[in-house]
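These are my notes on a model I opened today.

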There are 2 protein chains.
Amino acid sequence: MNKVEPRTLPGFMELYPNEQIVFNNIKKVIEETYQSYGFYPLDTPVIESSDVLLAKAGGETEKQIYRFTKGDNDLSLRFDLTVPLAKYVAKRYNELTFPFKRYQIGKVYRGERPQKGRFREFYQCDIDVIGDESLSIMFDAEMPSIIYDIFKKLNIGDFVIRINNRKVLGGFFEYLELTDKITDILRIIDKLEKIGTDKVISLLEELSIPKDKIDKIINFINVKGTNNEKIKSLKDMNINNDNFITGLNELETVINTMKLMEINEDNFEIDLTIARGLDYYTGTVYETILKDYPGIGSVCSGGRYDDLAGFYTDKKLPGVGISIGLTRLFDQLLDNNIININEASITDMLIIPFCEDYEYIFKVYNTLKKNNIKVDICYMDKGFKQKMKYANKINAKYVILIGEDEIKENVISLKNMVTGEQEKLTIEELLERKL
Amino acid sequence: MNKVEPRTLPGFMELYPNEQIVFNNIKKVIEETYQSYGFYPLDTPVIESSDVLLAKAGGETEKQIYRFTKGDNDLSLRFDLTVPLAKYVAKRYNELTFPFKRYQIGKVYRGERPQKGRFREFYQCDIDVIGDESLSIMFDAEMPSIIYDIFKKLNIGDFVIRINNRKVLGGFFEYLELTDKITDILRIIDKLEKIGTDKVISLLEELSIPKDKIDKIINFINVKGTNNEKIKSLKDMNINNDNFITGLNELETVINTMKLMEINEDNFEIDLTIARGLDYYTGTVYETILKDYPGIGSVCSGGRYDDLAGFYTDKKLPGVGISIGLTRLFDQLLDNNIININEASITDMLIIPFCEDYEYIFKVYNTLKKNNIKVDICYMDKGFKQKMKYANKINAKYVILIGEDEIKENVISLKNMVTGEQEKLTIEELLERKL
């Protein structure tokens with residue numbers, strides 16, 4: 001028979017078993033942390049009607065959509081988890097309880113040109129809180145607490161959560177009467193770290209911005225010190241603009257609340273240069289950087305928006321949310337050797353039987369299982385060497401050997417797979433070890 | 001602005017938050033049980049190249065596929081998790097360790113006509129063990145142990161796992177020299193429960209089967225008693241056919257091993273009428289029936305097969321596996337009121353602040369969180385009634401009220417949301433309650 005070559009499409013992540021264990025562990029930490037903050041799970045379809053999914057889309061996004069027909073239906077695969085959330089909340093507005101806290105972890109699809117670090121199918125791990133007409137600023141502080149919790153638990157090195165407020169940025173440029181140039185200015189100041197202050201100044205000059213205003217911009221983005229010192233410096237600027245003042249108060253509340261939530265000040269900082277999606281966010285914005293790997297870019301971002309579902313409903317639904325692009329993050333963690341996949345294991349103890357007397361073997365197995373030990377039995381019609389090779393390959397920490405001798409003596413032989421040590425123990429003694 | 005109606009496509013399950021909690025709890029029980037038996041997680045793409053995915057498909061299945069092009073690529077959405085497993089194992093044969101135990105829980109897609117209980121997007125929860133050339137019969141006993149564990153933990157009523165062996169069935173009909181009519185005969189005897197013995201006989205007569213053979217068939221499918229009595233009756237038939245004898249030995253090993261695995265005999269029975277996918281399974285086969293709801297049909301099925309990946313490789317890869325159709329199962333559990341979604345909750349204790357002194361409020365919050373209590377804070381600029389309504393809607397078991405009085409006295413007011421009782425406690429006293 002002609003064989004088909006078993007291939008996986010480029011741009012689609014498909015992991016080895018030990019990699020998948022580590023990937024799932026990370027996913028589990030994220031999910032359990034989201035839940036621990038009172039977020040409801042949500043699971044929307046991957047396929048939606050194209051008119052629903054693309055109500056808002058356009059430009060680059062629309063080109064990347066997987067869109068097709070089935071029967072008479074014009075269908076598309078979801079490209080993020082925000083549009084499905086907007087649809088869900090607008091559709092069930094009357095049945096939901098607000099503020100509505102939901103998390104969703106699922107695959108989304110974008111037909112991008114496949115290249116290193118870019119995926120066509122990737123996991124997003126999102127949380128959002130949606131308010132009905134209004135939403136407390138306290139949620140803006142809860143988001144970075146959740147980021148903090150997750151990245152502490154993941155134990156993948158030091159990190160910093162950068163926080164800004166779009167109203168502070170917007171208000172500042174309103175005050176300078178440079179609102180029409182804000183997109184260009186933000187693009188330039190975003191490069192500050194990379195290109196330095198002098199180059200930023202010359203680029204701003206190219207935009208025909210007067211020198212006194214450029215000085216103020218440089219002064220603004222160079223605000224230094226602790227978070228509270230930054231707030232104070234910004235207040236001291238005496239900028240008489242409502243937007244700026246509101247944003248500054250919000251930023252102060254967020255910072256102070258985070259401290260009350262016992263978040264280490266080493267792990268978050270006000271960064272006036274970050275803006276995130278310009279057309280969407282309206283208040284607090286976040287980025288998260290792994291300090292030892294800044295090149296990876298932000299590993300968890302998000303912010304506050306005024307209008308979740310304007311394309312579906314007249315209800316005003318403000319929200320705040322964050323997202324972790326798990327597939328890309330995992331790929332980067334692997335690439336940079338930040339995570340160790342070599343010791344990943346699903347089985348702690350492997351029972352290797354040397355005889356067919358399964359009554360005793362299952363007595364041991366059942367007892368260990370009842371004590372919540374991750375135990376498995378090696379069913380193989382092969383020799384000792386092959387069985388030990390199997391135990392090694394699945395990264396079992398211990399092997400339990402059971403042959404006729406062990407059964408006669410009512411013991412098991414325990415082999416430590418790291419040290420190679422082997423000893424005979426009763427089941428009770430084995431349990432007492434709490435391995 | 002013109003609004004798009006926020007719709008979800010028919011045939012796609014999208015749950016309310018409290019339903020989703022219960023759905024996820026069931027999924028979690030399944031996943032954790034799969035893991036506890038040493039199965040590796042696997043996560044393959046939803047989209048595959050059509051030639052890879054449809055290497056084996058044909059007929060009804062192929063018509064239901066979501067197939068489309070993107071750029072030059074002919075793509076399809078996976079319609080089960082078995083074909084992706086076959087692809088995975090064939091592709092990575094040299095890197096995998098056999099026997100390879102994997103589970104996969106994910107969505108699959110079939111463009112069926114939407115009707116009650118039929119879904120176009122649905123979860124399958126699969127486990128399989130794949131051997132290289134051969135695979136121990138012990139795994140055939142492990143599968144029903146896993147089914148048993150899961151359905152015990154799910155606590156959705158009494159159930160029975162029906163077990164048969166295709167070799168016993170096939171060997172028996174070889175012995176009767178009725179192999180050419182086996183499909184028709186199996187279709188008829190499958191209806192035994194519904195139509196009774198007399199009707200089965202008359203249908204068999206219509207197939208021009210001689211009376212003495214019909215007697216033997218009726219005798220065979222009416223084998224009664226305990227599992228061991230059934231094995232004995234089958235042995236006593238003295239059927240001189242290799243297939244039959246091999247199958248009977250396998251069946252006996254499976255039954256005896258299940259007893260050693262401490263599976264209650266009330267929960268499994270040999271059923272000679274079940275066959276499952278005729279063209280695929282070659283040995284042990286399983287079905288699982290909820291005793292109080294036989295109309296739901298099998299909620300977990302599977303079996304042994306000889307050749308997982310023949311379309312991709314010449315390697316002989318026998319396997320045994322089971323699958324739970326979670327979306328359909330959940331739908332049926334909801335419909336039959338077998339599960340209770342009304343008390344589902346993500347938050348056990350809700351803190352309702354009555355003042356702005358967040359220092360004390362967060363002291364309480366942080367302490368409860370560190371003690372692994374599912375606690376949340378109600379951030380709402382609304383009155384007491386609205387906040388209590390929110391606590392009710394999210395099914396919080398307790399509400400913790402904190403106002404100026406509580407702060408002054410260094411206590412909290414705890415309100416039991418079931419009894420309505422309210423009392424003042426210190427944080428230490430609250431923790432001692434172990435609520």
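Predicted model: local features only at pLDDT ≥ 70, side-chain atom pairs only at ≥ 80, totals over all residues.

**Entry 1. Chain A as a whole**

I took the box along the principal axes: the C-alpha atoms of chain A fill roughly 90 × 60 × 45 Å. I counted the secondary structure of chain A as 17 helices and 16 strands. Of the 435 residues in chain A, 42% are buried. I also looked at contacts in chain A between residues at least 6 apart in sequence, and 68% of these join residues at least 24 apart.

**Entry 2. How the two chains relate**

I superposed chain A on chain B. A rotation of 180 degrees does it, with 0.0 Å of shift along the axis and an RMSD of 0.0 Å. This is the relation of a two-fold axis. I then asked which residue of chain A comes closest to the rotation axis. It is A:Phe68, whose C-alpha is at 3.1 Å.

**Entry 3. The interface**

I looked up the contacts between the chains: 69 residues of chain A are in contact with 68 residues of chain B. On the chain A side, helix H1 (residues 17-36) gives the largest share, six residues. I sorted that side of chain A by residue class and got 34 nonpolar, 16 polar and 19 charged. Do the copies meet through the same surface or through different ones? I find that 99% of the interface residues of chain A are also interface residues in chain B, so the copies meet through the same surface.

**Entry 4. The eight-stranded sheet of chain B**

I traced an open sheet of eight strands in chain B, in the order E1-E5-E6-E11-E10-E9-E7-E8, with mixed pairing. Its edges are strand E1 (40-41) and strand E8 (268-270) of chain B, each of which pairs on one side only.

I followed some of the pairings inside this sheet. Strand E6 (residues 121-130) and strand E11 (residues 319-325) of chain B are antiparallel and share seven bridges. In that pairing I noted B:Ile127, whose bridge partner in E11(B) is B:Ile322.

I then checked what packs on the sheet. Helix H5 (residues 138-154) of chain B touches E6, strand E7 (159-165), E8, strand E9 (281-290), strand E10 (301-305) and E11 of chain B. The direction of H5 makes about 15 degrees with that of E9(B). Helix H1 (residues 17-36) of chain B lies across strand E5 (100-109), E6 and E11 of chain B. H1 runs at about 155 degrees to E5(B).

I looked at E10(B) separately. Five of its five residues are buried, so E10(B) is largely enclosed by the rest of the structure. E10(B) pairs with E9(B) in the antiparallel sense over three bridges, and B:Tyr286 has B:Gly302 in E10(B) as its bridge partner. E10(B) also pairs with E11(B), again antiparallel, over five bridges. There I noted B:Ser301, bridged to B:Ser323 in E11(B).

**Entry 5. The five-stranded sheet, in chain A**

I found an open sheet of five strands in chain A, ordered E13-E12-E14-E15-E16, with mixed pairing. Strand E13 (375-377) and strand E16 (422-425) of chain A are its edge strands, pairing on one side only. Direction ignored, neighbouring strands of this sheet are turned by 25 degrees against each other on average. Strand E12 (residues 349-353) of chain A runs parallel to E13(A), and three bridges join them. A:Met349 stands opposite A:Val375 in E13(A).

**Entry 6. Strand E14 of chain B**

Strand E12 (residues 349-353) of chain B runs parallel to E14(B), joined by five bridges; B:Pro353 is bridged to B:Ile402. Strand E15 (residues 412-416) of chain B is antiparallel to E14(B), joined by four bridges. In that pairing B:Ile400 stands opposite B:Leu414.

Definitions and conventions: Residues numbered from 1 in each chain as written. Chains lettered and ligands numbered in written order. Pairing = 2+ DSSP bridges. Helix = DSSP H or I, 4+ residues; strand = E, 2+ residues; numbered from the N terminus. Contact = placed C-beta atoms within 7 Å. Axes fitted to C-alpha atoms, helices over the stretch in contact; angles between N-to-C directions. Nonpolar A, V, L, I, M, F, W, Y, C, P; charged D, E, K, R; others polar. Least-squares fit on C-alpha atoms with pLDDT ≥ 70 in both. Buried ≥ 20, exposed ≤ 12 C-beta atoms within 10 Å, placed from the backbone.
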